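Visitor: I am new to reading protein models, and I would like to learn how to look at one step by step. Could you guide me through the one we have here?

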Amino acid sequence: MWFYDAREIAHGMDLSPIRISLETSVAATAVVTLAGTLAARWRIRRRGVVYELVDGFFLLPLVLPPTVVGFLLLLMFGRASVLGGILYSLGARLVFSWPATVVAAAVTTFPLMYMTARAALEQVDAPMVEAARTLGASEARVFREILLPLAWPGLAAGMVLTFARALGDFGATLILAGNIPGKTQTLPIAIFFAVEAGDTREAVRWSLVTVAISLAALGALNLWTRHRKGLAMRVVEQE
Amino acid sequence: MEFQAEIEAQRGAFALALRLETRGERVGILGESGAGKTMTLRAIAGLERSVRGRIVVNGRALLDSSRGVALPARERRVGLVFQSYALFPHRTVAENVAFGLERMNSAERETLVRGFLGRMRLEDLAGRYPRQLSGGQQQRVALARALVTDPEILLLDEPLSALDFHLRGLVEKDLLDTLAEFRGVALYVSHSLEEVYRLCDVILVLARGRALAFGPKEEIFLHPPSLEVARLTGCKNFSRARALGEGVVEALDWGARLRVAQRHTEARHLAIRANHVTFADAPGGENVLPCSLVESTETPFRRTLYLRLDTAEGNGWHLQAEILKDRWEELKGRPAPWYVRLDPERVFVMAE
Amino acid sequence: MWNHRARLFVSLALIVLSPMAGPRGLFPLRAGTPQVKHPQVTVAAAISLKGVLEGIGNLYGRRKGSPEVTLIFGASGILEKQIEQGAPVDVFISAAPAQMDALEKANLLLKGTRRDIAGNRLVLVTPRGATAVHTLEDLKKPEVRTIAMGEPRSVPAGQYAAEALRTLGLLDALQPKFVYAQDVRAVLTYVAGGDADAGFVYETDAESSDKVTIAAAVPAGSYTPVVYPAAVVHGSQNAAAAKHYLEYLSSVEARAVFEKCGFTTPAR
């Protein structure tokens, strides 16, 4: 089987699902890292029941089945909706476009990053943040120089989780972006339709690629974590 | 240098309410755990959420609820040394100290920082990270970091309690020197009487969120206004009392009538410090009471004697006396009964 | 050894897992186990037959002595695979001959029971109120940006649409505009919402939604006629009941229902 696959690749088989999945996952991870971290920072400074309801809203895509998420997104952005109608008249088409894959992946992964970022920011020692404040730092500086660096390991882990989940999204992506080979057909969608069509070989091939990418991402995180620990150890040894 | 604070703060079920005025003295805040000492510092620093009242430093209001003024922490020009030091682990010693000087130009900042590091004997450690420092070094860094910004108020939250015992003496000496140089108001929180007495001029005694006493340290220690303040300032011997007039008070729990030098109108309780209890060679003198030794314990430098007064009711001990080791050597051979003397000048009379 | 907690845990586990052992669990029908209860027929049918088979099922159920019918709907391709893997289905109704042929070749059909029970027509639909498209040629217009159809490899309606477009020489020109859906219902949803400018569905599907209009019928000669073959699955434990059901599908009553829903019925 491997032999034939290699030959097929050499003969220019359509590898677009790989490219599309990577582009989508990277873009979604970037968007969600920013949005999730900022949302977490906004949230941890506030207390009260209203904000706990906001939490519920932020976490909704995690709790709902991805197909429902996709359907709700379609309702929001589809041509028949208010927002979608406005976009449509401006010449913008979100549904069945590549950006839709990013939107679907971002919405489904946002809760993951939000929760991880919150935990990472909250575990930063409160006295450190307070010390920075008494030393005259603005909230922005406190965030940039104290919270972010000290929460970084947790945030990085969140990014990897986000990437892995974005890579694997199927239901929401299919509904909002559709299956358009070369444009919105991500690896999970390619796998699904290959299975439906009875093409086991193709399905296995794409599955292995997905596994390889995920392992690579996790491996990179592991290497980086060990590198940081190594740095810390070396500093300690100098004492 | 003028500092006035009149604040009320709430955290859950705990309510803090106190007032404090000083002119550049070193104020010690004394109290047990949970009395509200740290909360007081945090309220002044602007780190506590619900604080109402007034805090004015040199005419500048940090807080004034009646006018809706509540400066955020970063504008209060307060230097706070946390109990855990709260050094930034991802920054070097020099970077930690320089943190509050963001607005200075870098040349000036470097000079200032280097100067401070030199004064605190930290110049060799400038490039190290907090986790590479000893407790005493970390404390000096925390202090330098707070002082380098030239704050108007310096708040120290139990600065010595995180240190190993044998280090405390050295670090305390350093602290004393630093505080002597500091020109602003210093508030020093501790649960240790000795520290507060040695390092501060004025003491605020705090319990359950309320100030029980405020005044020069000698006043507080020599004439504690209430039973609780006496206890909090380390007094160990108490008796209920009844005034008999003419400077004589009956000590009900000790079964004796004592002459007291302190002028008083009411006498509800009497107290005397353990280290003020002395021993007489013979009975019959003023304020001399027969007693016998029930138990004794020793510390490396002193011995504490638990004495039962013959005149008092009940078994067990009634008085604690603290004596130096050589005095113990003299006493221990003596036959019973022993005689304690309660110096009239040393007996506290309290109206509550 | 069996302390209180362990016993509680084991009891709970047994209770929770017990359905696994029963007829609805891992071992539903063991070969040779006689069914003693009221006769049952499990029918696996293409999703496009959902409404009409449910309607027919109601009529069937009212007749005395009819077996109890359980209807399972899905994409014909997936159902075929499941039957190949031994799913306990008595009757299979496919949306295209291909899947039935595959089962026949694998000797998975009860000989002599295969028959076509209905037919359908492929149509081009557009969102209600859209006016740009009246013929298949119009699909080439730039205003038509997205055309939805079933994925040809797995959805028969998509297969037919691709075939028709190839015959008509429009496939290459229109290829960049295609969005592939996993079933015909999804195609309808895309077009009804306006996100796809046109789509290929069966006439029956088009009539079931009032949010789409039929812009054109796909010319009859350009694609293999859509027939719905039905057959009893080999090895069915309810062969007699299954055959009874299949007979009913060709009855006058049933044909009326098919036609009312927009299907065509084979000549008697």
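Guide: Let us begin with a definition: helices (at least four residues) and strands (at least two residues) are DSSP runs, numbered from the N terminus. Please keep in mind that this is a predicted model.

Visitor: With that definition in hand, how many helices and strands are there in chain B?

Guide: In chain B there are nine helices and 21 strands. Chain C has 10 helices and 10 strands, whereas the secondary structure of chain A comes to 11 helices and zero strands.

Visitor: How many of the residues of chain B count as buried?

Guide: Of the 352 residues of chain B, 41% count as buried. In chain C, which has 268 residues, buried residues make up 40%, and in chain A, with its 239 residues, they make up 40%.

Visitor: Which domains does the domain assignment give for chain C?

Guide: The assignment gives domain 1, made of residues 4–119 + 226–260, and domain 2, made of residues 122–217. Taken over C-alpha atoms, the centres of these two domains of chain C are separated by 31 Å. Where the domains touch, nine residues of domain 1 of chain C are in contact with 13 residues of domain 2 of chain C. On the side of domain 1 that touches domain 2, the residues divide by class into five nonpolar, four polar and no charged ones.

Visitor: How does one describe two packed helices?

Guide: One gives the angle between their axes and the distance between the axes. In chain C, helix α2 (residues 50–62) and helix α10 (residues 252–260) pack at an angle of about 150 degrees, with their axes 9 Å apart. Since angles over 145 degrees count as roughly antiparallel, α2(C) and α10(C) are therefore roughly antiparallel to each other. Their crossing is right-handed.

Visitor: Which residues of α2(C) and α10(C) meet there?

Guide: From α2(C) come C:V52, C:G55, C:I56 and C:L59, and these meet C:E253, C:A254, C:V257 and C:F258 in α10(C). By class, the residues of this contact of α2(C) with α10(C) divide into six nonpolar, one polar and one charged.

Visitor: Turning to the contact between chains, how many residues does it take from chain A and from chain C?

Guide: The contact takes 15 residues from chain A and 17 residues from chain C. On the side of chain A that touches chain C, helix α10 (residues 187–197) of chain A gives the most, with three residues. By class, that side of chain A has seven nonpolar, four polar and four charged residues.

Terms used:
Residues numbered from 1 in each chain as written. Chains lettered and ligands numbered in written order. Predicted model: local features only at pLDDT ≥ 70, side-chain atom pairs only at ≥ 80, totals over all residues. Contact = placed C-beta atoms within 7 Å. Nonpolar A, V, L, I, M, F, W, Y, C, P; charged D, E, K, R; others polar. Buried ≥ 20, exposed ≤ 12 C-beta atoms within 10 Å, placed from the backbone. Domains from an automatic or database assignment. Axes fitted to C-alpha atoms, helices over the stretch in contact; angles between N-to-C directions. Parallel < 35°, antiparallel > 145°, perpendicular 65-115°, else oblique. Left-handed = near helix turned anticlockwise from the far one by under 90°.
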